[in-house]
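Colleague: I would like to go through the labels on this model and hear what each one rests on.
Modeller: Go ahead; here is the structure.

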Amino acid sequence: MSDTRPSSPGWLGALLASASFARAYTLVVFGTVFSAFAIERTAGRVTYVTIVTGLCVFGAAVMVARRRELSLLRLVPTTVVAFVGWALASVFWSSDETASFWSWVSMAALAFLAVVIGHVRDTLQTVRALGDVLRVLLGISLALEVLSGILLDLPFTFLGIQGDLAQLGPVQGIFGTRNLLGFVAVIALITFLIEYRTQSVAPGVSVASVVLAGGMAALSDSPTVVVLALGVGLAVGALALVRHARPERRAGLQLGLGALVVVGVFVGYAARHPIIALLGAGTDFSMRVELWNFMVDILRQRPVQGFGWFGVWNQREYPFNAINFWLDKDHATGLNAYFDVALQLGWVGLVLFLALAALALARSWLVAGERRSVVYAWTPLILVTLLIDSMFESFTLTGLGWLMLVLCAVRAGQSRSWRERLDSGTDAGGAAGADGSGLPHAQGEQGAAG
């Protein structure tokens, strides 16, 4: 009789499919992408690209090793595929096809890394990995600021650190700009608070982490941090109301909250000048409005398809060189993700981007409102942070912001999607992760399939 038992995957396959490898891989991806600026400034762009390429190769190997756990139908949200596909199509009408193509490759590579993490880690394991990475990166940032601004009183220009800690900021850390530091600090603050509520780390570590993130956010002296903190705080309050409401009242409450958001947007726009004056960002905002107005004027030349995907602006190419010439500035982005998408991918691209973000937020918000564990609040709160920050910066289109957007979209699509009606399979988190009835233990590893 022949042996019909399935063959052993071998030591390499077992390693790639293991929970320990998945955790290590996730840590390295987060560490690399969130410290991209420091890596490029210290070791060069080629080093960063090489690391990301290697991570993509390992990610593909992990997906192959875990292929029996995955469903092709639920692998990537349709909105992500559509947006990335339209960005690829824009290469053909770009003024520099080669540069545009390689910018798209960078975009696709980070999206792929996010997809891998979304399928090999559940939500709590993702929060734990990101928390560990951000504790280290914010700690390094604070240490370098102390060294530069207090001990040596010498700016570290190769890292963009100005050494202003003795004047209580603004500080940049290893992220290059105060606005990016503030953005990362808010993401860290949400992550650390979720860790605290789920008791996934020791209380002392949680408290110290929250103090570190809050302190770095304050020291960044970024006006966007105030807006982000207010927006996330309101989202936390609204989500708490939904979670504590009776199931039969949630639909009406959700509609009411949605109406309040719409009214709030209109009120905020009408009162924008007093708000800007209160934040002390009048000059900065005036510069941004001038930039956005010029971008809208140029967009009229190619309203449907845009000028081609570049991500970070290629300042030698039109229309970016024209914008900087007429404004006498040196902008590397449009300082607004929505205007930036419209300029590069046209109104079609903007609609696809908004669909990606809106569907991810709606799905994750509904899941967080229905399931018991507070860990499910992490995804919608991170999405709220990304979408609010996108009104003032273009971080969501490249680098760590894009990685987080795709990761949240994948996570939201796994829990609530039309695919669930066609495919009853579960994600890498297993059945427990799907229904929310079983969370991993404190360290996110015991009893988890990976």
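Colleague: Which residues of helix α14 are called buried?
Modeller: In this predicted model, helix α14 covers residues 320-327, and its buried residues are F320, A322, I323, N324 and L327. Buried stands for a relative accessible area under 20%.

Colleague: Why is D328 called exposed?
Modeller: Its relative accessibility is 69%. The cut-off for exposed is over 50%, so D328 qualifies at 69%.

Colleague: Which other residue has a positive phi although it is not a glycine?
Modeller: D221, with a phi of about 55 degrees. D221 is placed in the loop between α9 (203-220) and α10 (223-244).

Colleague: Why is D221 called partly exposed?
Modeller: Its relative accessible area is 44%.

Colleague: What makes the peptide bond between Y318 and P319 cis?
Modeller: Its omega is about 15 degrees. Most peptide bonds are trans. P319 belongs to the loop between α13 (282-299) and α14.

Colleague: How do you know that R178 and D221 form a salt bridge?
Modeller: The N to O distance between their side chains is 3.8 Å. The limit is within 4 Å, so the pair R178 and D221 counts at 3.8 Å. This pair links distant parts of the chain, with R178 in helix α8 and D221 in the loop between α9 and α10, 43 residues apart. R178 is partly exposed, at 30% relative accessibility.

Colleague: What puts E40 and R45 in the salt bridge list?
Modeller: Their closest N and O atoms are 2.6 Å apart, and the limit is within 4 Å. E40 is partly exposed because its relative accessible area is 28%; R45 takes the label partly exposed at 45%. The structure holds 10 salt bridges.

Colleague: Why are D132 and R128 said to be separated by about one helical turn?
Modeller: Because D132 and R128 are 4 residues apart in helix α7. They form a salt bridge, with the closest N and O atoms 3.0 Å apart. Both D132 and R128 are buried. Salt bridges that share partners join R23, R128, D132, R135 and E195 into one network.

Colleague: Why is α17 described as largely enclosed by the rest of the structure?
Modeller: Because 16 of the 17 residues of α17 are buried. For the chain, 50% of the 450 residues count as buried.

Colleague: How far does α17 reach, and what is that set against?
Modeller: Helix α17 (residues 399-415) reaches 25 Å from its first C-alpha to its last, close to the 24 Å expected at 1.5 Å a residue.

Colleague: What is W402 in contact with, leaving aside its neighbours within four places in sequence?
Modeller: W402 is in contact with F83, V84, M107, L110, A111, L356, F395, T396 and L397. A contact requires heavy atoms within 4.5 Å.

Colleague: Which residues touch the most other members of the largest nonpolar core?
Modeller: F30, F34, L113, L138, W378 and W402, in a core of 113 residues. Helix α15 gives the most to this core, with 13 residues. A second, separate core of 12 residues includes F310, F320, I323 and L335.

Colleague: What makes the nonpolar surface patch, and how is L154 classed?
Modeller: The patch is made by L147, I150, L151, L152 and L154, and its area is about 480 Å². L154 lies in the loop between α7 (123-151) and α8 (178-198). A patch member needs over 30% relative accessible area; L154 is at 47%, so it counts as partly exposed.

Colleague: How many helices and strands are there in the chain?
Modeller: The chain has 18 helices and 0 strands. Of its contacts with a separation of 6 or more, 76% are between residues 24 or more positions apart. The chain exposes about 20,600 Å², with 67% of that supplied by carbon and sulfur atoms.

Notes: Residues numbered from 1 in each chain as written. Predicted model: local features only at pLDDT ≥ 70, side-chain atom pairs only at ≥ 80, totals over all residues. Heavy atoms only, no water. Buried < 20%, exposed > 50% of the residue type's maximum accessible area, 1.4 Å probe, protein only. Helix = DSSP H or I, 4+ residues; strand = E, 2+ residues; numbered from the N terminus. Areas by Shrake-Rupley, 256 points an atom, 1.4 Å probe, with all protein chains shown as cover. Expected span 1.5 Å × (residues − 1). Patch = residues over 30% accessible without salt bridge, like charges linked within 9 Å, V, L, I, M, F, W, Y side chains within 5 Å. Core = buried A, V, L, I, M, F, W, Y, C linked by side-chain atoms within 4.5 Å.
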